[in-house]
Amino acid sequence: MSTKIHTVAQVGFGTGTNELYDRARPSYPQDSVRFIKKAVEAAAPLNIIEIGAGTGLFTRALLADKDDETRIASLKAIEPSAGMREAFKQRISHEFVSISDGTFDNVPTVKSGWADLIIIAQAFHWCPNYNKACAEFARILKPSGAVTFIWNLEDRDAAGWVAQIRDRIESHEVGTPQFRLGLWRQAFSTEAYKHNFKPPEEREWVYPLDASEEICINRALSKSYISILPPDEKQSVIEDIKAIVAKGDGKVWIDESKGVFDYPYKTLVVLARKK
């Protein structure tokens, strides 16, 4: 039996929020995608599971990265939100890609020892039971398989305005297990992890993305804990972000006439190889 999905994630990423999420959230650096695909020793084509696939942002980046060394035989996406699954289906149609219901610790549509690689993009911090999840990962994977976790996050250390936006929106996190808190690292101390996996490996990419005032606002609104706010509080967040961007502490323009500037980002990949 799977554990319950966090209420903020369930509501904040529920039906009606998915279009904004897909439009506002950034994709992933190609180098990070290629790194993940080459994380396993198995020869291509690969059997891949993506848990917490959402609207398919990472899935699309994965499918767009074409090279003979890391071809995909089958990609089974797993997503507990019905709204997210529907958005995924609208955007991705490949004969070797499917999506079904499931959670980190309960993937009933995948038989034991099927997967070469498990990918979890922008999602594992919501996991409610790390030990059960790691046991399920071990069940699904082949002996030479691996789990990879990937996250994008605004780089608050790179510019004052980014730190100010993060401070503004983080005030609404209300105890949710956000990636930045690092609570997800507890997974690597569980009995199921230590019994089945080698010590985790990490790789980070630092880079800028193109941004505008609208992008900054929509990205903030796509956060689960912002999307559930009452309309007046949400409008207050919008107005404050407009003021922060206009002030622009440390802002680097790309094209000032078009209102386009650098949005500093980091991408972290954590790789866990099966013993």
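Reader: Which ring does Lys76 lie over?

Author: Trp114; Lys76 is over its face, 4.4 Å from the ring centre. The criterion is NZ of Lys or CZ of Arg within 6 Å of the ring centre and within 35 degrees of the ring normal. Lys251 also lies over a face, that of Phe261, at 4.9 Å from the ring centre.

Reader: What's the basis for these values?

Author: This is a predicted model: local features need pLDDT of at least 70, side-chain atom pairs count only at pLDDT 80 or more, and totals for chains, interfaces and linings use all residues. Residues are numbered from 1 along each chain as its sequence is written, and side-chain values use heavy atoms, without hydrogens and water.

Reader: How many aromatic pairs?

Author: 20. Rings of Phe, Tyr and Trp (its six-membered ring) pair if their centres lie within 6.5 Å; planes under 30 degrees apart are stacked, over 60 edge-to-face, the rest tilted.

Reader: Why is Trp184 with Phe188 edge-to-face?

Author: Their planes are at 85°, with centres 6.2 Å apart, so the pair is edge-to-face.

Reader: And why do Tyr193 and Phe197 count as stacked?

Author: Because their planes are at 20°, with centres 5.2 Å apart.

Reader: Is Tyr193 buried or exposed?

Author: Buried, at 3% relative accessible area. Buried means under 20%, exposed over 50%, partly exposed in between (1.4 Å probe, protein chains only). Phe197 is buried at 3% too.

Reader: Switching to H7. How many of its residues are buried?

Author: Eight of 11, in residues 160-170. Among them are Trp161, Ile165 and Ile169. Helices here are DSSP runs of H or I, at least four residues, numbered from the N terminus.

How values were computed. Helices (H or I, at least four residues) and strands (E, at least two) are DSSP runs, numbered from the N terminus.
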